[in-house]
Amino acid sequence: MSEREQWSSKVGFILAAAGSAIGLGAIWKFPYIAGQNGGGAFFLIFILFTILLGLPLLLAEFVIGRTAQDNAVNSYKKIAPGTKWHWVGILGMITSFVLLSFYGVIGGWILIYLFKAITGQLNGLSSEQYTAVFNETIADPLLSIVFQLIFMLFTIIVVSRGIQKGIESASRIMMPALFVLFIILVIRAVTLAGASEGIQFILKPDFSKVTSQTLLDAMGQSFFTLSVGVSVMVTYSSYLPKNQSLPHAAISIVSMNIFIILLAGLAIFPAVFAFHLEPNAGPVLLFNVLPTVFSQLPFGMLFFIAFLVLFLFAALTSAFSLLEIIVSVISNGKPEQRLKWSWILGLAIFALGVPSALSFGILAEVKIFGKTIFDFADYTVSNVLLPFGALLISIFVPLKMKRSLLYSELKKGNWLKKGLFEAWYITIRYVAPPLIVLVMMDVLGIW
Ligand code: TRP
């Protein structure tokens, strides 16, 4: 398949895969879930799960993708012909579809905030006023749907142009800029009067708040932020040339991800405590706290606008990956089909997301198993479908791929040490499957 697209360089691939990983999960969702789960203890458990499960699974998806060099469904067919394993890819597509449907809602919120910040509607408010603005914004049906649509249109346009031109070139500039701005933000937040309580909140574990639900949340969060469990990373690594080291890429991505999560925590929690806000405020957290911190900086609104642009970008690069996996399967490697399917699928995902968007306003009372539509979609994806997909992948790799083949694929690029390979193999084969099952069963109350 010589006409298959490839990333132009390893840095391009790492940036695009990191772009998929780093998104709303790290910047918006992590702080509020950690805030609801006691802070430091959640962070610690999250890091443990990321090392024990997230990283090995990321590498497993990379190996599948680059061995097969095909999309998320065909890759399984190539490696295990005549079996039902390609359903892992189909499940991944369905999960991505649902995930992107509610992802676009939050993407829309960022756009609304950007619009409000640029037009001066967020200047100099008190923190109660910021909360009020947020609540009004997300409850407004027309506003949230229109901006959700705009977010999806951006996503569709980039994915329809193909991976290299669209995704890679944008990631190259925006990812480093995001890091720099975050560091400025952290410096301001940790030097606020009263910040130390917040620093302790996120860095000092208090295990009294840990329940089996905390474990499931932390596991789901580690899959969510690394984009594993749905074969997105199978798709991305299938575009990577053979001479690049997969373990090196995986470790870089995980480190960047943890680093940005730490920065997000250190930007948000010191400010939460300094301004006497509630760490368990939920989805409002970032949208309330950050404008308050930025208003404490000289040229705060300009910084806030810059932050929103980069945050939007982080969300978009994740959204690209979710649409990309679906489009690449349905258009089946035919470039002439890409444009059409990007639009059809992207708009269908938007339509599915509309009830989620409305669940903060006119559909707020509609509950499924006691959760709003948005929360139900998020919970099903993060805490059921992602762990289940991850479980299947961790069974698939040692079962259907020879150990020697895995070793030689992972060794390409001459970076991997034998001991590291053994550790990975043992984890993926013997640790990951039972651990995922245990955490899931524990929450269902099965044992
Ligand atoms: N990782 C992204 C985030 O944290 C979301 C995401 C993109 C994702 N692609 C994914 C999550 C694939 C799971 C699977 O915002």
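Which residues make a nonpolar surface patch of about 350 Å²? In this predicted model, the patch is formed by L142, V146, I150 and F154. One of these, I150, lies in helix α7, which covers residues 141-160. Its relative accessible area is 31%, so I150 counts as partly exposed.

From the surface, the account turns to the open spaces. The largest pocket has a volume of about 380 Å³. It is lined by 19 residues, and Y32, I33, D375, D378 and Y379 are the closest to its centre. At least two lining residues come from each of α2 (24-36), α10 (212-226), β2 (371-372) and α16 (373-400). Helix α16 contributes the most, with five residues. The pocket lining comprises nine polar, five nonpolar and five charged residues.

The largest cavity holds about 130 Å³. Among its 17 lining residues, S20, L99, F224, S227 and L322 are the closest to the centre. Two or more residues of this lining are given by each of α1 (10-21), α2, α5 (87-118), α10 and α14 (300-330). The largest share, three residues, belongs to α14. Eleven of the residues lining the largest cavity are nonpolar and six are polar, with no charged residue.

The second largest cavity contains about 30 Å³ of space. Its lining consists of L24, W28, K29, F102, Y103, I106, F224 and F374. Here α2 and α5 each supply at least two residues. By class, seven residues of this lining are nonpolar, one is charged and none is polar.

How values were computed: Residues numbered from 1 in each chain as written. Predicted model: local features only at pLDDT ≥ 70, side-chain atom pairs only at ≥ 80, totals over all residues. Heavy atoms only, no water. Patch = residues over 30% accessible without salt bridge, like charges linked within 9 Å, V, L, I, M, F, W, Y side chains within 5 Å. Areas by Shrake-Rupley, 256 points an atom, 1.4 Å probe, with all protein chains shown as cover. Salt bridge = Lys/Arg side-chain N within 4 Å of Asp/Glu carboxyl O. Helix = DSSP H or I, 4+ residues; strand = E, 2+ residues; numbered from the N terminus. Buried < 20%, exposed > 50% of the residue type's maximum accessible area, 1.4 Å probe, protein only. 1 Å grid on protein atoms, 1.4 Å probe; cavity = no way out; pocket = protein on both sides within 12 Å on 5 of 7 lines; lining within 4 Å. Points joined across faces, edges and corners; volume = space filled by probe spheres on them. Nonpolar A, V, L, I, M, F, W, Y, C, P; charged D, E, K, R; others polar.
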